[in-house]
Amino acid sequence: MGAKSSKAEGYRGIWYSLNQFSEYGDKYSGGLGTYTADHTPTAVYAKKAKKTFFLYGGTTKADERHLQVCIGAYNHKTGKVTRPVIVCDKKGVDDPHDNGSICITPDGHIWVFVSGRNVTRKGQIFRSVKPYDINDFEEVYKGVFTYPQPYYVEGKGFILLYTMYTAPNTRGRELYFSTSKDGREWTEAKKIGAIEGHYQISVQDGQRIITAFNYHPRSSADTRTNLYVMQTTDMGKTWKNIKGDVLSTPLNEPYNPALVRDTKKEDKLLYLNDINIDKDGNPAVLAIKSSHYQPGPKGNPREWILYRYNGKTWTEQTICTSTHNYDMGSLYINGNELNIIGPTEPGPQYYGTGGEMALWNSRDNGISWEKVRNITGNSDSNHSYARRPLFARNDFYAFWADGNSNHITPSYLYFCNKEGNKLWRLPYTMEDDEVMPERVSMEDNNQGWINKALTSALKQSEILLSEIEAKGEGVFPRSVDMNGKLMLSDASWWCSGFFPGVLWQLYEATNSKRMHDGALRLTLQLASQQYNKTTHDLGFMMYCSYGQAYKYHTTKHIRQVLVNAAYSLSSRFNGNVGCIQSWEPWNWWQFPVIIDNMMNLELLMWAANETGDTNLRDIAIRHADTTMKNHFRDDLSSYHVVSYKKNSGEVEFQGTNQGASDSSAWARGQAWGLYGYTMMYRFTHDKKYLYMAQGIAKFMINHPNMPKDYIPYWDFSRHDYRDSSSAAIMASALLELASYSDECDAQEFINIAIKQLKNLSSGKYLARHGAQHGFILKHGVGNYPINSEIDAPLSYGDYYYIEALIRLKKKR
């Protein structure tokens with residue numbers, strides 16, 4: 001029954017919708033990789049291995065609902081997570097009700113109990129081939145069980161609590177248990193609860209197994225109510241209530257000695273979250289009490305309640321309220337200190353499953369509670385089902401998934417430490433078998449500020465688009481002069497493609513028809529430039545406009561315009577020099593080449609791939625290699641201009657035109673180089689371009705004159721004007737470069753880009769609504785030596801700012 005287990009591509013949670021909609025949305029939906037509360041335990045810390053092993057419901061791709069029951073491991077010594085292994089591919093099942101539970105036996109073997117559903121899908125039991133090793137599992141049993149809750153009792157074997165739907169004379173979801181000495185042969189199912197249906201949660205305390213459950217009047221989960229608790233110390237031979245009175249099982253009447261709270265009498269529903277044992281060996285049950293089974297305000301107040309047995313009687317404390325019945329959290333007990341981690345705070349999908357995670361604390365044995373902190377905040381998607389590992393260690397204390405409850409989104413998995421002040425995101429895609437999880441701050445974990453920035457950009461661009469349209473055809477925005485007047489250009493200006501590109505990217509981010517229509521209209525007005533052989537800037541002009549358009553309109557016309565533009569650009573290549581000529585000869589320069597030209601190679605590489613014309617690719621590579629050889633100093637600072645003798649290819653000048661001096665590092669030139677070599681690595685996978693890009697990045701990041709907010713001065717030798725455009729280009733390049741770099745460099749590049757984008761999105765650099773004729777960023781520097789566009793908005797700064805925001809949002 002054994003088989004080689006496959007590895008998942010990364011930690012990709014399953015997204016699910018129950019499709020039971022009412023006025024305020026689905027009954028429950030979203031990222032449900034750690035669903036349900038009835039699957040327990042879902043994680044275990046193994047002291048001998050110093051690892052926490054955890055289960056979740058995974059999927060194949062972000063837009064697919066293909067359930068795979070996966071296992072991962074967190075190494076507490078290294079802080080790394082292993083690449084997850086697919087224990088069970090549910091093939092055709094999209095339902096996380098089939099998620100699994102975990103148990104580790106004293107010999108170190110990991111047991112995974114995968115839930116079935118009714119009798120249509122049987123439950124399965126898997127055992128790791130090697131102790132404390134998740135790489136290979138064998139299937140050892142298949143049978144009818146749902147919501148498995150396995151425990152191993154030393155010297156006696158397994159006891160498995162579970163639910164069955166269709167046993168003889170069933171009355172809804174009924175509770176059963178079976179035992180096994182070896183996990184392969186199991187006793188016949190024994191019924192313990194049959195009061196019209198139940199959901200249960202359970203906990204082990206040595207030889208003792210305690211289960212807490214509700215009941216379902218009229219066999220409907222929408223009527224769940226009441227709290228019952230019972231226990232066994234002899235592997236299910238005898239069941240008692242918490243006071244020690246022997247019970248007659250199966251329980252089949254709602255009023256029986258196991259009843260703890262009659263919430264039916266209160267006309268309340270009861271949703272069970274977690275059960276734990278206090279220092280005196282008494283159980284405590286965490287639940288949500290609600291007024292209605294559907295989402296929305298009619299269920300309010302949804303109270304988080306702690307039911308505790310104090311040795312004599314049961315007590316009840318209200319901790320807080322939240323917005324949804326399925327806001328599942330976990331209960332931690334350490335002496336007199338109790339903690340709860342769960343989605344108690346409203347989330348971005350206010351009436352949806354889950355919300356924002358928070359840490360709650362009681363230092364007086366559960367009598368009074370206070371919120372310590374929010375763990376997440378301003379998120380794009382709700383966080384749900386915070387799970388508690390058995391024997392949880394401080395650095396992997398709770399884990400959960402996120403996901404938009406309104407529509408399918410990628411679902412990420414997270415874990416936090418005991419204090420709730422450190423948060424990690426598990427890698428959605430992994431190239432190596434063991435990596436560091438991504439450390440995120442509460443703010444970095446969410447996309448709220450990104451969305452806010454994109455919304456601001458959208459509003460500004462609507463203003464600028466209206467003003468441009470009022471000017472008639474053939475005009476494009478360039479900047480704003482010192483007197484506040486809008487500066488315009490015609491189609492032949494090197495910046496003409498940036499504003500259409502801004503609009504296309506905002507259409508991608510917001511789905512605004514206004515952005516789409518304006519982008520298409522302006523893009524088509526650039527058609528004449530496809531034959532322009534007098535400029536090296538066709539990449540900027542055409543690929544930022546028509547290239548963006550081709551994502552949404554894959555027409556022959558748009559494709560041909562881009563191809564024609566690529567051939568026009570290639571006409572400026574000189575084989576003796578090995579470069580594309582930037583400017584026409586002037587001063588005494590025969591063949592000037594500027595670092596900016598690295599950006600235009602993207603058009604050539606795209607066209608080469610599109611047409612199969614390897615000559616275009618060869619030209620781009622020759623240019624990149626020649627530039628690498630002659631444009632960069634030993635410290636990887638760059639000259640702005642290198643001029644060659646056109647017949648021999650000999651270098652005749654290395655210096656600047658827009659920088660502060662021939663020996664300085666012009667900030668935007670450095671950013672062009674960083675972006676250009678990152679892009680060349682994307683197309684070629686040639687490591688020399690990757691190393692070049694990484695070297696340029698580190699030169700910029702570590703330069704002693706780089707400000708703390710990482711918005712560079714216009715030249716690295718100056719201390720006067722900042723250049724927001726350089727920061728935007730750099731941030732966008734760093735985010736792509738991070739995808740190709742090892743985890744240490746990648747994290748640094750991402751962190752720097754986040755800092756840059758947050759600062760650019762602040763009031764210091766982001767224009768207020770209606771200012772600057774609708775340009776987005778302030779404080780750009782175009783050409784300082786000729787006193788042009790100093791401390792002004794720049795269309796290319798806006799373009800790469802939006803590109804960087806979208807790249808960051810996709811990474812999130």
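Biologist: Where is Glu434 found?
Modeller: Glu434 is in strand β37, residues 434–435; strands here are DSSP runs of E with at least two residues, numbered from the N terminus. This is a predicted model, where local features need pLDDT of at least 70, side-chain atom pairs count only at pLDDT 80 or more, and totals for chains, interfaces and linings use all residues. Residues are numbered from 1 along each chain as its sequence is written, and side-chain values use heavy atoms, leaving out hydrogens and water.

Biologist: How does Glu434 count at 32% relative accessibility?
Modeller: Glu434 counts as partly exposed. Buried means under 20% relative accessible area, exposed over 50%, and partly exposed in between, with a 1.4 Å probe and protein chains only.

Biologist: OK, switching to β9. Is strand β9 mostly covered or mostly open?
Modeller: Mostly covered: eight of the eight residues in β9 (68–75) are buried. Gln68, Cys70, Gly72 and Tyr74 are buried on one side, and Val69, Ile71, Ala73 and Asn75 on the other.

Biologist: Which strand do eight bridges join to β9?
Modeller: That's β8, residues 51–58, which runs antiparallel to β9. Two strands pair if DSSP finds at least two bridges between them. β9 also pairs with β11 (residues 85–89), antiparallel again, over four bridges.

Biologist: And what are the bridge partners of Gln68?
Modeller: Gln68 partners Gly58 of β8 and Asp89 in β11.

Biologist: Last one: where is Lys47, and is Lys47 buried or exposed?
Modeller: Lys47 is in the loop between β7 (43–46) and β8. Lys47 is exposed, with a relative accessible area of 67%.
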